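Please look over the chain before reading on. The paragraphs below go through its helices, strands and cores in turn.

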Amino acid sequence: FAIFLLVSFANHFYTEYYPRLLEQYERNDDDLLSQYTYYHRYCTSADVTTHHAPDLLADPEAPIETAVDQLMTHGGLVIPNIISPETATQLRAYVDGRNRVISDEEAFPMYPPKNRLSYGFDATESPAVVQALQEITHNKYFYDLMSTVLGDKDPAACELTTITSFHGADDQGWHADTKEFGNALKFSRSYAHTYSLFLALQNVTVPMGATDIC
């Protein structure tokens, strides 16, 4: 009788709930039209919050709320000394070596792909990666900032990648980390907030061109 109940429950779950789960996993952009939690904002050059670079520089000596306000106001923040110069040098050397042997199957599609390369890291694949992650996760200022912004005492990393523009690369196109239909403000029931942390592994000069963010 117990086996009969178990089989009956499994059959009921498979016929009643499983199709609904599959339907939810197959959701598309059209499904989002009925899931707005915030209106669409059209931004122009008038919405640029500052033209003064120091406004984006965090002060580790100031209260963490100051950095939160900066991030929420400008959408980006420059945090000094998250990893040490020595770790950045070691990590850059490791990335440079992997760049030379990475296979097409491991590389992520990039646009434009010419003279540009991206791929994922395993958190323990190199002592340089381990050391960098150790310094990031034990940086109290950065931890306090992210846990306050996300409202989570244990914020997690969901992606660990590298992006390299090689010598002689053309100006690269814009790349949006947060897509319009993946916005956690417009569709807060469907998506969680995510933030991108970019670590510069070498000093750049004007002819090289720096990374632009918007």
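Buried means under 20% relative accessible area, exposed means over 50%, and partly exposed lies in between, with a 1.4 Å probe and protein chains only. The model is a predicted one, in which local features need pLDDT of at least 70 and side-chain atom pairs count only at pLDDT 80 or more, while totals for chains, interfaces and linings use all residues. Residues are numbered from 1 along each chain as its sequence is written, and side-chain values use heavy atoms, with hydrogens and water left out.

Axes here are lines fitted to C-alpha atoms, for helices over the stretch in contact, and angles run from 0 to 180 degrees between N-to-C directions. Phe13, Tyr14, Thr15 and Glu16 of helix 1 meet Tyr18, Pro19, Arg20 and Leu21 of helix 2, where contact means heavy atoms within 4.5 Å. By class, these residues are 5 nonpolar, 1 polar and 2 charged; Ala, Val, Leu, Ile, Met, Phe, Trp, Tyr, Cys and Pro count as nonpolar, Asp, Glu, Lys and Arg as charged, and the others, Gly among them, as polar. Leu22 belongs to helix 2 (residues 18–25) and counts as partly exposed because its relative accessibility is 38%. The C-alpha atom of Leu22 is separated by 27 Å from that of Ala156, 134 residues apart along the chain.

The next topic is the nonpolar cores. A nonpolar core is a set of buried Ala, Val, Leu, Ile, Met, Phe, Trp, Tyr and Cys residues joined through side-chain atoms within 4.5 Å. In soluble globular proteins, nonpolar side chains tend to be buried together. Here the largest core has 16 residues, and those touching the most other members are Leu77, Ile79, Ile82, Tyr141, Phe142 and Leu145. Helix 3 (64–74) and helix 6 (140–150) each supply at least two residues of this core, with helix 6 giving the most, 5 residues. Leaving aside residues up to four places away in sequence, Ile79 touches Ala58, Tyr141, Phe142 and Leu145.

Asn81 lies in the loop between helix 3 and helix 4. With a relative accessible area of 65%, Asn81 is therefore exposed. Most residues other than glycine have a negative phi. The phi of Asn81, however, is positive, near 60°.

Helix 4 packs against helix 5 (residues 127–137) at an angle of about 140°, with 9 Å between their axes. The crossing is left-handed, a term for a near helix turned anticlockwise from the far one by less than a right angle, with clockwise giving right-handed. On the helix 4 side the contact involves Thr87, Gln90, Leu91 and Tyr94, and on the helix 5 side Ala128, Val129, Gln131, Ala132 and Glu135. This contact has 5 nonpolar, 3 polar and 1 charged residues.

Two other residues of helix 4 contrast in accessibility. Thr89 is in helix 4 and is exposed because its relative accessibility is 54%. The C-alpha atoms of Thr89 and Thr161 are 17 Å apart, although 72 residues separate them along the chain. Asn99 is in helix 4 (residues 85–99) too, but is buried because its relative accessible area is 11%. Beyond residues up to four places away in sequence, Asn99 touches Leu117, Tyr119, Thr164 and Phe166.

How do the strands pair, and how many bridges join them? Strand 1 (residues 116–120) and strand 2 run antiparallel and are joined by 5 bridges, where pairing requires that DSSP finds at least two bridges between two strands. Tyr119 has Thr162 of strand 2 as its bridge partner, and Arg116 has Ser165. Strand 1 is mostly covered, with 4 of its 5 residues buried. Arg116, in strand 1, counts as buried because its relative accessibility is 15%. Not counting residues up to four places away in sequence, Arg116 touches Met110, Tyr111, Ile163, Thr164, Ser165, Phe166, Gln172 and Gly173. Strand 2 (residues 161–165) has a covered face formed by Thr162 and Thr164, and an uncovered face formed by Thr161, Ile163 and Ser165.
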